[in-house]
Amino acid sequence: MNANNNKTMLQSMLLRYQSIQQQVLNEYTQPGKNLEEFGRLEVSDRGHSNYYYYHCWKDRETGERVRRYIPKNQLATARKLAQKTYQKNILKLTRLRSSQLERVLRDFEDNEIEALYTSLHPARRALIAPVEPLEISWEERREKWLKIPYQGLGWREEDRHYVTNNHEKVRSKSEKILADLFFRQGIAYKYECPLFFADQSVLYPDFTFLDPHTDQEIYWEHFGMMDDPTYAQNCLRKINTYANQGIILYDRLLASFETRKSSLDERVVHYWINKKLKCRA
């Protein structure tokens with residue numbers, strides 16, 4: 001991690017927690033949904049079977065403690081109660097972490113260690129051997145990232161493919177054009193590297209990069225048939241999936257688009273290479 005980007009990373013983490021928190025709040029401010037409803041789910045494991053119970057401290061009508069069995073034909077109730085508890089725990093965690101990060105960011109400044117030395121009187125500095133923060137070069141960080149193994153989507157014998165200038169297989173002519181552009185510009189990437197999310201879902205971005213300034217991963221998706229309505233709808237769903245995980249289009253998600261009449265615009269590709277992917281001094 002580049003020491004000069006520590007505060008940026010903390011701010012990014014804070015925004016992610018706040019985004020998740022707002023997502024949960026938006027879900028439970030819809031009509032008919034109340035995160036604070038009485039009751040929780042109780043799960044009883046008996047041998048090879050699970051039994052579900054609606055458990056609440058006070059019945060709304062009698063005021064007495066209640067524990068009711070939920071039959072299998074009412075599993076929707078069990079799902080609602082389980083989801084409610086999960087969302088409440090998410091809110092509790094994101095509020096805690098947001099509060100902690102906000103406190104840290106109020107006092108945190110990049111280069112704090114260096115400032116302890118440089119702020120001293122010159123005569124005092126002359127008497128001190130300063131601590132040298134360990135600074136790993138961008139090239140070392142990139143090579144370490146590239147060496148992390150991963151399992152991509154894989155290939156069947158009958159799959160059509162194109163070979164890039166970097167001697168690897170990709171699935172379309174446009175992906176080959178992109179890969180060759182990255183290769184010529186010296187931009188390291190991983191092809192179809194899995195991106196795992198906390199909810200156990202996974203995506204395989206066309207290209208994954210390491211941001212040279214934040215050390216976060218950046219993803220590139222190429223959407224090549226945008227004049228096909230079904231394909232376009234699937235693209236929008238995929239972009240929204242990224243967004244729901246805090247990966248926003250043209251922030252950490254880059255994208256290129258094509259139709260039958262409008263081919264890949266290499267000027268746009270070069271723009272994003274220069275803006276997001278090249279290491280600037």
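**A look at helix α6**

Helix α6 covers residues 173–184, and its 12 residues should span 16 Å at 1.5 Å a residue; the end C-alpha atoms are 16 Å apart, which agrees. The expected span is 1.5 Å times one less than the number of residues. Keep in mind that this is a predicted model, where local features need pLDDT of at least 70, side-chain atom pairs count only at pLDDT 80 or more, and totals for chains, interfaces and linings use all residues. Residues are numbered from 1 along each chain as its sequence is written, and side-chain values use heavy atoms, leaving out hydrogens and water.

- Helices (H or I, at least four residues) and strands (E, at least two) are DSSP runs, numbered from the N terminus.
- Ser174, Glu175, Leu178, Ala179, Asp180, Leu181 and Phe182 of α6 are buried, meaning under 20% relative accessible area, with exposed over 50% and partly exposed in between (1.4 Å probe, protein chains only).
- Among the elements covering these buried residues are β10 (217–223), β11 (253–257) and α8 (266–277).
- Just after α6, Gly186 has a positive phi of about 75°.

**Meet Phe183**
- Phe183 sits in helix α6 and is partly exposed, at 40% relative accessibility.
- Leaving aside residues up to four places away in sequence, Phe183 touches Asn165 and Asn166; contact means heavy atoms within 4.5 Å.
- Phe183 and Asn166 are 17 residues apart in sequence, with their C-alpha atoms 6.8 Å apart in space.

**Cysteines**
- Cys193 is buried at 8% relative accessible area, and Cys235 is buried at 4%.
- The disulfide count is 0, taking a disulfide as a pair of cysteine sulfur atoms within 2.5 Å.
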